[in-house]
Amino acid sequence: MSDLNRRQFLSFAAVSASSLISAHSSWAIGTNAGRAQEVAGVTPRILDLHLQASVPLQELRAFYRDVIGLRILDDQKDRLVISAGKTTLTFTPGTVSDPFYHFAFNIPENKIVSALNWQKERTPLLPIPERLRDSNYPADVVNYSHWNAHSVFFLDPAGNVVEYIARHDLKNPAPGGFSSRDLLYISEIGLIVDDVPSTASVVKKVAGVDQYRGGDENFMALGDEEGLLLIMKRGRILNFNPSSDSKAARVFQTAVRVRGSEKIYLRFRQLPIQVSCRCEVCITLHRNIQKTNPASSPPACL
């Protein structure tokens, strides 16, 4: 399947190609080399994701807790914090009309069919055109052959495009049937831009990320299987068959914190987009200290 097909499927929070104005150090989402043998689910690349909600927060609380089975970490009038596997997902009330996003969960690479059946018991799935199907899988599964991955998609009550993706290169099979425990962490967040190549060039240079498999002037993925920034052309629509009721990508408030080798902060001019980094060195150090002193406090940067 081509990158164009994935672009047509997704719609994300937008940023301008010329908006990146400051960064320091390097943001190491990582390279593709050696990732095929790593087991996912220990420490994700996307640690925290903050999004706005187009519906009352209690609707999202009921969905993610009672339907999907995720744990609620904080439930306040103006904030809902969800334990989304190893990623923390925070929703706040929307300040603009009908914000919507795309994010993807990594799941064990052997569980896409059981994930599909599990989710169909809970929500409708987004229909998949025949050209994107795999004859070895049910018709509701997207075949990302160029990424060696399979996915299923559905909408949450706020209209967010939620994806479960089985990345076979991670080689992280798990026993048993599918459950909410198999939502390992959020592995994708998208950024819509006006100029994909120039934006990707800046991000790669200042943030130290690699381009992931393929890409062109309309779509580039930066990162690896454990965490990807999907940079796409502004105005892309959600569904494969454009119609008058299709939602075009717009600018919505987004904040994402990722794991890397240095602490950094990226700001975007005149747009409510934030990207920050938690130091990988400190994560490893704190984990080692906890082995002998479980009650130890994390360093300030965590």
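**Figure 1. Buried residues of helix α2 in the predicted model.** In this predicted model, helix α2 spans residues 57-67, and its buried residues are Leu 57, Leu 60, Phe 63 and Tyr 64. Viewed down the axis of α2, these buried residues fall within an arc of 125 degrees, so they line one face of the helix. After α2 comes Gly 69, which has a positive phi, near 90 degrees.

**Figure 2. The aromatic pair of Phe 63 and Tyr 64, and the ring cluster that includes them.** A search of the whole structure returns 11 aromatic pairs. In the pair formed by Phe 63 and Tyr 64, the ring centres are 5.0 Å apart and the planes stand at 90 degrees, so the pair is edge-to-face. Both Phe 63 and Tyr 64 are buried. Ring pairs connect Phe 63 and Tyr 64 with Phe 91, Phe 103, Phe 105, Trp 118, Phe 154, Tyr 164 and Phe 178 in a cluster.

**Figure 3. The largest nonpolar core and the surroundings of Ile 68.** The largest nonpolar core holds 41 residues. Those touching the most other members are Tyr 64, Ile 68, Leu 89, Phe 91, Phe 103, Phe 105 and Tyr 164. Leaving aside residues up to four places away in sequence, Ile 68 touches Phe 63, Trp 118, Gln 119, Phe 154, Tyr 164, Ser 180 and Leu 183. A second, separate core of 18 residues includes Phe 153, Ile 192, Tyr 212 and Leu 230. In soluble globular proteins, nonpolar side chains tend to be buried together.

**Figure 4. Helix α3 and the elements that cover its buried residues.** Helix α3 runs over residues 112-120, with Ile 112, Ala 115, Leu 116, Trp 118 and Gln 119 buried. Seen down the axis of α3, the buried residues lie within an arc of 165 degrees, so they line one face of the helix. The cover over these buried residues includes α2, β7 (102-107), β9 and β10 (161-167).

**Figure 5. Ile 186 in strand β11.** Strand β11 comprises residues 185-193 and contains Ile 186. Because its relative accessible area is 0%, Ile 186 is buried. Ile 186 and Ile 46 are separated by 140 residues in sequence, yet their C-alpha atoms are 6.3 Å apart in space. Not counting residues up to four places away in sequence, Ile 186 touches Ile 46, Leu 49, Ala 84, Thr 87, Leu 89, Phe 103, Ala 104 and Phe 105. For the protein as a whole, among contacts between residues at least 6 apart in sequence, 67% join residues at least 24 apart.

Figure 6. The side chains of His 150 and Asn 143 are joined by a polar contact of 3.4 Å. Beyond residues up to four places away in sequence, His 150 touches Ile 112, Asp 134, Tyr 137, Val 141, Val 142, Asn 143, Tyr 164, Ile 165, Ala 166 and His 168. Although not a glycine, Asn 148 has a positive phi of about 50 degrees. Asn 148 counts as partly exposed because its relative accessibility is 30%.

**Figure 7. Arg 213 in strand β12.** Strand β12 covers residues 211-216 and includes Arg 213. The phi of Arg 213 is near 20 degrees, a positive value in a residue other than glycine. Most residues other than glycine have a negative phi. At 28% relative accessibility, Arg 213 counts as partly exposed.

**Figure 8. Asp 224 in strand β13.** Asp 224 is part of strand β13 (residues 219-224). Because its relative accessibility is 0%, Asp 224 counts as buried. The side chain of Asp 224 reaches the backbone nitrogen of Glu 226 at 2.9 Å.

**Figure 9. Overview of the protein.** The protein contains 5 helices and 17 strands. It has 302 residues, of which 53% count as buried. The accessible surface of the protein comes to about 12,600 Å², and 49% of this surface belongs to carbon and sulfur atoms.

Key: Residues are numbered from 1 along each chain as its sequence is written. This is a predicted model: local features need pLDDT of at least 70, side-chain atom pairs count only at pLDDT 80 or more; totals for chains, interfaces and linings use all residues. Side-chain values use heavy atoms; hydrogens and water are left out. Helices (H or I, at least four residues) and strands (E, at least two) are DSSP runs, numbered from the N terminus. Buried means under 20% relative accessible area, exposed over 50%, partly exposed in between (1.4 Å probe, protein chains only). A polar contact is a pair of N or O atoms within 3.5 Å; within protein, one must be able to donate a hydrogen and the other to accept it, and residues adjacent in sequence count only if both atoms are side-chain atoms. A nonpolar core is a set of buried Ala, Val, Leu, Ile, Met, Phe, Trp, Tyr and Cys residues joined through side-chain atoms within 4.5 Å. Contact means heavy atoms within 4.5 Å. The arc is that of the directions from the helix axis to the C-beta atoms. Rings of Phe, Tyr and Trp (its six-membered ring) pair if their centres lie within 6.5 Å; planes under 30 degrees apart count as stacked, over 60 as edge-to-face and the rest as tilted. Accessible areas come from the Shrake-Rupley method with a 1.4 Å probe; for residues, only the protein chains shown count as cover.
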